[in-house]
Amino acid sequence: MEYIHRFSHRINFARPSPIRTIVSKIATLSKTRKIISFAAGEPDPDILPRDLYASLLSDILKEEKLSANYSPTEGIPELRKAIAKFMREFENVNAEEDEILVTIGGSQAIDLLGRLFLDPGDYVIVENPSYVNTIVDWEFYGARLIGVNLEKDGLDLGELEMKVKEARNEARKVKLVYVIPTGNNPAGVSMSEEKRKHLLEIASRYDLLVVEDAAYNHLVYEGSYKPLSHYDREGRVIYVGSFSKIFGTGLRIGWIRASKDLVEVIKTIKGPSDMCAPVPLQYLVERLLSKGFYETIRKKAIENYRVKRDIMLKAIGEYLRDTDYTKPSSGMFVLIKLPSNIDSEVFSQRLLEEYSVAVIPAKSFYIGDSGRNVIRLNFTMVDADEIEDGIKKIGVCLRDMLGKK
Ligand code: PMP
């Protein structure tokens, strides 16, 4: 059967997510040998309280008569209420229940926003680098991306303003500005408070709509930040939340916080595609929140990840001394810039095949060519006692490749 000529035009914009491609390759290789993986962007499974989840789920399925039925598309009222409260308490954002739409992870929230706002040929401004799955997803809707350089304290706002003006002068429609203000994936950079305020001033001046991806908002190891939405007085910020990074990526519960009217529209396009997010898991997250487990799990995560980050940075200082690398104060990743003549895809391939160490070539997180020699390393999911060995091997592989050139 020949399918290709039957596909929609949209499929021309599709490309596989490089992360998923590598992660499935690692899964296959792991069946036959031990891999040290710095590839994932997930919590450490050893600190997730699965027994607690099991017992809560068991209670839920016994006690909640409707827990194995559809819920409202926007989520069970109890969870919407709990998320609104969570945002008031943990995010300093004045959210109400009817401003919350429960989604299947932040990923679905991002996809829904792409479906709602983007026509082929529309422009989206993103931090450079930015989260590859958003790039891939929105490109699928035909969006064209404009990258704005990420500095140590967040987006280069001078460049942002210049690019907005440029787009205006050329009558290009900038539909969205997408930012990960805290713990940017892949760079681990967080935007300063001053820049958060300034970004909103620019958004107001040029009438821009901003999507705030808050996936890493509570994985902050030094300092603290209020989300962009906290400073928003004009409804310009749409907040995308996720419980993946604290409760576990497998629970698939995220949300959108937006104006009540916008939530109604998003609900309309969401319903026919999924009916609702998995209901037992909506109840589970609601109980975890209302019983105060968010803070206990998060605290444990922060302690664990901070130690691993420090081991990783120390090892990089020792074995990859000559490279440039980020020292993240938030998020899950370190970026390493390899010498400019090294292609990170070739490097990662060789590292995996010959040294059994997995990293993500970060090229696809960048708009343009600047990330060709950059790799992304995750420090949260790997075992602490494997980190040094893994970094050492990266050093050996690098010297090997440089020596052969
Ligand atoms: N945004 C960012 C920046 C992410 O890194 C991720 C997960 N890698 C997500 C959104 C989506 O996560 P989920 O769908 O599991 O909530």
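Let's start with two helices: α13 passes α14 in a right-handed crossing, where right-handed means that the near helix is turned clockwise from the far one by less than a right angle. Keep in mind that this is a predicted model, in which local features need pLDDT of at least 70, side-chain atom pairs count only at pLDDT 80 or more, and totals for chains, interfaces and linings use all residues. Residues are numbered from 1 along each chain as its sequence is written. Helices (H or I, at least four residues) and strands (E, at least two) are DSSP runs, numbered from the N terminus.

**The helix pair**
- The axes of α13 (residues 344–355) and α14 (residues 384–403) come within 10 Å and cross at roughly 115°; axes are lines fitted to C-alpha atoms, for helices over the stretch in contact, and angles run from 0 to 180 degrees between N-to-C directions.
- On the α13 side, F347, R350, L351, E354 and Y355 meet K393, I394, V396, C397 and M401 of α14; contact means C-beta atoms, placed from the backbone, within 7 Å.
- These contact residues divide into seven nonpolar, no polar and three charged (Ala, Val, Leu, Ile, Met, Phe, Trp, Tyr, Cys and Pro count as nonpolar, Asp, Glu, Lys and Arg as charged, and the others, Gly among them, as polar).

**An open antiparallel sheet**
- Four strands line up in the order β10-β11-β14-β13, with antiparallel pairing; strands pair if DSSP finds at least two bridges between them.
- β10 (324–325) and β13 (360–361) stand at the edges with a single partner strand each, so one side of each has no neighbour in the sheet.
- Helix α12 (residues 293–319) packs on this sheet, touching β10, β11 and β14, and its direction makes about 15° with that of β11.
- Five bridges link β11 (residues 333–337) with β14 (residues 374–378), and I336 has I375 as its bridge partner in β14.

**Strand β7 and its partners**
- In β7 (residues 210–213), V210 and E212 on one side and V211 and D213 on the other are all buried (20 or more other C-beta atoms within 10 Å of a residue's own; exposed is 12 or fewer, partly exposed in between; C-beta atoms are placed from the backbone).
- β7 runs parallel to β6 (residues 174–179), joined by three bridges, and parallel to β8 (residues 237–242), joined by four bridges.
- E212 stands opposite V179 and has Y239 as its bridge partner in β8.

**A closer look at G142**
- G142 lies in the loop between α5 (132–140) and β4 (144–151).
- Because G142 has 16 C-beta neighbours inside 10 Å, it counts as partly exposed.

Methods. Two residues are in contact if their C-beta atoms, placed from the backbone, lie within 7 Å.
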